Amino acid sequence: MPGKNIRTFIIQVKGTVNGTWQGTVDWVEENERVAFRSALELIRLMDSSISIQEEKNRDEKNKFFEREEQV
């Protein structure tokens, strides 16, 4: 996908309690591991990590354009 930022997650389900998953999710690009207690929490963790990465990309792009204007 040209122009798209790719996020890589490794999900390890360690068990189920009350009909939902528990385990860990690794965000490969940031070398970060977080435990989750439900499938909903897993989705929220992944969604927030994507938002964080998009914000970092926006900040980097803005800094680039600010430097271009100063030159």
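Student: Which residues lie nearest the centre of the largest pocket?

Tutor: The model is predicted. Its largest pocket has a lining of 13 residues. Those nearest the centre are Trp27, Glu32, Val34, Leu45 and Ser49.

Student: How much space lies in the largest pocket?

Tutor: The pocket is an open set of grid points, and its volume is the space filled by probe spheres set on the points. For the largest pocket that space is about 160 Å³.

Student: Which element gives the most to the lining of the largest pocket?

Tutor: The chain has one helix and three strands, in the order β-β-β-α from the N terminus. Strand 2 (20–27), strand 3 (32–36) and helix 1 (39–70) each supply at least two lining residues. With six residues, the element that gives the most is helix 1.

Student: Is Val13 buried, partly exposed or exposed?

Tutor: Val13 is in strand 1 (residues 9–17). Together with Ile11 and Trp21, Val13 forms a nonpolar surface patch with about 260 Å² of accessible area. Buried means under 20% relative accessible area and exposed means over 50%. Because its relative accessibility is 39%, Val13 counts as partly exposed.

Student: What share of the chain do buried residues make up?

Tutor: The cut-off for buried is under 20% relative accessible area. Of the 71 residues in the chain, the buried ones make up 15%.

Definitions and conventions
Residues numbered from 1 in each chain as written. Predicted model: local features only at pLDDT ≥ 70, side-chain atom pairs only at ≥ 80, totals over all residues. Heavy atoms only, no water. 1 Å grid on protein atoms, 1.4 Å probe; cavity = no way out; pocket = protein on both sides within 12 Å on 5 of 7 lines; lining within 4 Å. Helix = DSSP H or I, 4+ residues; strand = E, 2+ residues; numbered from the N terminus. Patch = residues over 30% accessible without salt bridge, like charges linked within 9 Å, V, L, I, M, F, W, Y side chains within 5 Å. Areas by Shrake-Rupley, 256 points an atom, 1.4 Å probe, with all protein chains shown as cover. Salt bridge = Lys/Arg side-chain N within 4 Å of Asp/Glu carboxyl O. Buried < 20%, exposed > 50% of the residue type's maximum accessible area, 1.4 Å probe, protein only.
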